[in-house]
Protein chains: 2
Amino acid sequence: MVKILAQTTADKVFQKLRHTIVEGEIPAGSKLNEVELATRFMVSRAVIREAISRLEALRLIERTPNVGARVVPLSLPRLAELYEIRETLEGMAARLAALYMDAHEIQSLKKLLSQHALQIGNGAKYYQEDGDVDFHYRILQGSKNKLLIDLLMDGIYHITRMYRVQLGMAGPRVTTAFNEHLRIVEAIESHDTELAEILMRRHIAFTRKEIENKLKETK
Amino acid sequence: MVKILAQTTADKVFQKLRHTIVEGEIPAGSKLNEVELATRFMVSRAVIREAISRLEALRLIERTPNVGARVVPLSLPRLAELYEIRETLEGMAARLAALYMDAHEIQSLKKLLSQHALQIGNGAKYYQEDGDVDFHYRILQGSKNKLLIDLLMDGIYHITRMYRVQLGMAGPRVTTAFNEHLRIVEAIESHDTELAEILMRRHIAFTRKEIENKLKETK
DNA sequence: AATCGCTGTATTGTCGACAATTTAGTGTAC
DNA sequence: GTACACTAAATTGTCGACAATACAGCGATT
């Protein structure tokens, strides 16, 4: 029997609020008003505070005692720090994946890539968003390190997505990224840990540059 | 004018509670009772819940909806995952420190080490605890990456200390660790990023083995 | 005009009470 | 004896109200 995880109201509000923030409905840098949010989601302030507390854990918002919470601002230094970490952690994930992914997982990953290849052939823009997420997700799982998975999935990914969304980035770099993915999978398949790590780091570094440039020209 | 950060009651209770957990007064794996804690600290359940929420962010405790919070258990797989991450992040910190620490910081760091050398000469056990913390703290600061500093200081360090304390580890490996520290500083001083990273990773890997062995023989 | 201090308002922090859920215990059917 | 319902107690989740703090406006002083 699979235990269905109970879902408290605070849980749902937390997810909704995270979505509103990441998708930019509440823009980066803006202040959060507890009563306003409580009204908006039709819950008490207690659950709003609970949700805010969790968002703080994700580093999506920051709080100052007696003053309040605000959505983390978009800034170049922060982006740099974030991607410095992400590069390291995802590089680590790729290295571990090259070590621990079993034949079945690798096969499934290759299948995913060939689907992406097809979509690109049809000129779909679908790839960039979900496809990329899927790809990184698989490799992360392959690392078998729950803490690492958590750190990236529950923390860093949401913030990086916030940057992408609010900078209006969708679509570009599709084919290039695909080739990078391909190489990474090859490295993993041959259990070349060092190469997998290096290629992944480079892959992340590319998207970092991409976002940094966009952020520079926006400001 | 330096703004003194306001300190809410939840802040203080959070710190106290963290202390009681890390120092083992509330042992790893045990359940937390909100009303009991509220009575103990003489505050309302609201601030206890707030404190628990923050401890969850630090990954010192885990919560299950409608069931409650319990202190993270000590286990070999968790320890392995934790140190896998720590090795990577501290290696990264050392690499960045070799890149960014200025002459003054390096000088100060060397001074710290020579103080440690003196203490060891006098046969002090003082070194292992605070000295080691100081050392890693300095290098972390040298990385200039606030997010990285946060991840380690506010998250990982507390958990690793919990392991050490509750496994009754104090004192050993003093002189060895000192020599490792010495080599790392040398690498940083000569701005040898790769060497600094490798030596730091190895240093962390040693202490990992140490704790793992202790944990194995304890269980 | 700028700064200081006062006052009222808005916002966050804390509390106690109630609701919802889980847990423990007891009895019953098989 | 085991599994299953059922009830009572304990525990967590949510709420509204009050307390403490920060903020905005305004007048007085220089």
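Axes here are lines fitted to C-alpha atoms, for helices over the stretch in contact, and the angles between them run from 0 to 180 degrees between N-to-C directions. With that convention, and bearing in mind that this is a predicted model, helix α7 (residues 146-166) of chain A and helix α4 (residues 76-100) of chain B pack with their axes 8 Å apart, at an angle of about 55 degrees. The two helices α7(A) and α4(B) are therefore oblique to each other. On the α7(A) side the contact is made by Lys146(A), Leu147(A), Leu148(A) and Leu151(A), which meet Glu81(B), Leu82(B) and Ile85(B) in α4(B). The residues of this contact of α7(A) with α4(B) divide into five nonpolar, two charged and no polar.

The largest share, three residues, comes from α3(B). Of the 20 residues around DNA strand C, those that come nearest are Arg45(A) and Arg49(A), together with Thr8(B), Thr9(B) and Ser44(B). Of the atoms of DNA strand C that come within 4 Å of the protein, sugar and phosphate account for 75%. By residue class, the surface near DNA strand C divides into eight nonpolar, seven polar and five charged residues.

In chain B, a polar backbone atom of Ala10(B) is 3.4 Å from a phosphate oxygen of DNA strand C.

Definitions and conventions
Residues numbered from 1 in each chain as written. Chains lettered and ligands numbered in written order. Predicted model: local features only at pLDDT ≥ 70, side-chain atom pairs only at ≥ 80, totals over all residues. Heavy atoms only, no water. Near = heavy atom within 4 Å. Polar contact = N/O pair within 3.5 Å; in protein donor to acceptor, adjacent residues only side chain to side chain. Helix = DSSP H or I, 4+ residues; strand = E, 2+ residues; numbered from the N terminus. Nonpolar A, V, L, I, M, F, W, Y, C, P; charged D, E, K, R; others polar. Parallel < 35°, antiparallel > 145°, perpendicular 65-115°, else oblique. Contact = heavy atoms within 4.5 Å.
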